[in-house]
Amino acid sequence: MRSWQTNGFLLVLILFILTACSEKNVMEAKGSMEANDSINRLTISWSKDIGEINPHMYAPNEIFAQDMVYESLVRYGKSGKIEPWLAEDWEISEDGKEYTFYLRDNVRFSDGTYFTAENAKKNFDAILNNAERHSWLEVINQIESTSVINERTFKIVLKNPYYPLLQDLTLVRPFRFLGDNGFPENGKTEEGIVKAIGTGAWVLSEHKKDEYVVFTRNEYYWGEKPKIDEIEIKIIPDGEARVIAFENKEIDLILGNGLISLDSFKFLQETGNYQTGVSEPLSTRTIAINSNKGPSQELEVRQAIEYSINKQAIIDHLFYGTEIKADTLFASNVPYSDVGLKPFEYDVDKAIHLLENAGWTKGKGTDIRQKNGSFLELEIVFNATDQVQKAIAETLQGDLLKVGIKLNLVGEENQSYLQRQKDGDFNLIFNNTWGAPYEPHTLFSSMRKPAHADYQAQLGLPMKEEIDALIGEVLVTTDEEKRQEIYSYIMGTLHEQAIYLPISYSADIAVFHHDIRGVEFPNMNYTLPLNKISIAQ
């Protein structure tokens, strides 16, 4: 009897302890949930993983993520003016070859260490030691040396006067600064970094590849700190899945270009349940036509393609007026680009006439033109995750069929799409311009490098070597009149040779819930200005 009572007492005691522990765990969990609820978190979505966020490298690193973590010496302002950033001031020598930058005091990296001229040089050394990879930027070829004058003063010496130096230093990559503790032991950042440590407003805190990313506010940030605590980025490759997630309030904001179809944008806009907006044009949505592969090698075929496309119908029915029809590679307000080029207006009869004169005729029983036993068949390559590119490609397919050209659609995942650009494995491929501050000088500089779609598309031109030489000349000339003359010739030649099919001057779209405040559009392509966003409680 006594034994039973003792055992019973022990059982009650054990149950009491378990219950207490359970209640304690519940309280701890509840406290944790309340703590998490107090975190101000913005949730957005992207179509692909962000990469390791290496400031000195390219794909698979995503530009917007690099821009969140790392900063530059100078910044491209909304008015197009170069503004102080990590450098609060600078001086340029009379001969235009020496730039001396005076760095801000008390700028810290996200690990608490200080940004100094020594760190600036360390980053430039890493970039210049990988010069071949970055040589699409002419500034890389023009830097003679860099030096530390003192802890707060950094100097760049050029081989020749190079007028766009400050513009190039505003770029998101490669001229941004990694903290010393983020460098690998051998200093070769092209082989990878230890950790993403920057001076920017955000710190990478969690990353599950191809699923999600979390950035937290950098409490060491020297500038105005973001209004929210965290940003979660959900990786959702499919545009329609992204729309559903947004409607279910799993996403707060959709901001960018090509993330959802414009049909979906119009639908969300017309519900009246959300806030929406369209940015000013940021760049040119264009398609490169390969002068070095298959039937598109022929000038008449390329020109016929230009005349065959009803761009205004694309603007009206695909973009619903959110973008402006483009007739030239650059808008006329881009520096040196107002050169009076005659547009290829929509004219099916002209297209047919060009093809007939080039020997492409229709045979019996087929709508596809033939010559020497071969059909007039082309491929257009697009990024499979870009909803807008796919819609444009389908429209082009219908337009070209009307003049007897068969256009096959090839949707590729991002890496394969980029590889086709590098290899020249396309007849037509989407190849948007980059917008400010890249245009026109940086884009032209890249046209000389085989790893770019522009180079591959131009490779079949008889004047390709001349164009490349002129690009090298225009970037270092100090004669403004001569500079304009060269730019006019290059732009005119590429236009007449029908190397680019401009579609529209593209814009970003935004869709967000009513509790989201402070949404702004970027002034540089591929970036996301998230610092001023807040969430109403």
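# Reading sheets and pockets

Guide: Strand S18 (residues 377–383) runs parallel to strand S20 (residues 428–430), and 2 bridges join them. Val-381 stands opposite Ile-429 in S20. The model is predicted: local features need pLDDT of at least 70, side-chain atom pairs count only at pLDDT 80 or more, and totals for chains, interfaces and linings use all residues. Residues are numbered from 1 along each chain as its sequence is written, and side-chain values use heavy atoms, with hydrogens and water left out.

Visitor: What makes two strands pair?

Guide: Strands of a sheet pair through backbone hydrogen bonds, either parallel or antiparallel. Here, two strands pair if DSSP finds at least two bridges between them. Strands (E, at least two residues) and helices (H or I, at least four) are DSSP runs, numbered from the N terminus.

Visitor: In what order do the 6 strands of the open sheet lie?

Guide: The order is S14-S21-S13-S20-S18-S19, with mixed pairing. Strand S14 (324–325) and strand S19 (406–412) are the edges, each pairing on one side only.

Visitor: Which sheet strands does helix H9 lie across?

Guide: Read contacts and angles together. Contact means heavy atoms within 4.5 Å. Axes are lines fitted to C-alpha atoms, for helices over the stretch in contact, and angles run from 0 to 180 degrees between N-to-C directions. Helix H9 (residues 299–308) lies across S13, S18, S20 and strand S21 (500–506), at about 30 degrees to S21. H13 also packs on the sheet, touching S18, S19 and S20, and its direction makes about 130 degrees with that of S18.

Visitor: What is the order in the open sheet of 4 strands?

Guide: That order is S4-S5-S7-S6, and the pairing is antiparallel. Its edge strands are S4 (87–92) and S6 (143–150). Neighbouring strands are turned by 20 degrees against each other on average, direction ignored. S4 pairs with strand S5 (residues 98–103) over 5 bridges. There, Ala-87 has Leu-103 of S5 as its bridge partner. Helix H3 (residues 117–128) lies across S5, S6 and strand S7 (153–158), at about 165 degrees to S6.

Visitor: Ser-110 is in the loop between S5 and H3. Is Ser-110 buried or exposed?

Guide: Buried means under 20% relative accessible area, exposed over 50%, partly exposed in between (1.4 Å probe, protein chains only). Ser-110 counts as buried because its relative accessibility is 18%. Leaving out residues up to four places away in sequence, Ser-110 touches Ala-196, Ile-197, Gly-198, Val-203, Asn-218 and Tyr-220.

Visitor: How is a pocket told from a cavity?

Guide: Rolling a probe the size of a water molecule over the atoms shows where empty space is left. On a 1 Å grid over the protein atoms alone, a cavity is a set of points where a 1.4 Å probe fits but cannot get out; a pocket is an open set with protein on both sides within 12 Å along at least five of seven lines. Lining residues have an atom within 4 Å of a point. Points are joined across faces, edges and corners, and a volume is the space filled by probe spheres set on them.

Visitor: Which residues lie nearest the centre of the largest pocket?

Guide: They are Ile-63, Arg-173, Leu-418, Trp-434 and Tyr-526, out of 49 lining residues. This pocket holds about 1,400 Å³. H13 gives the largest share of its lining, 7 residues. The second largest pocket has about 820 Å³.

Visitor: How many cavities of 30 Å³ or more are there?

Guide: There are 3. The largest cavity has about 70 Å³. Its lining has 13 residues, with Asn-257, Gly-258, Leu-262, Val-388 and Ile-509 nearest the centre.
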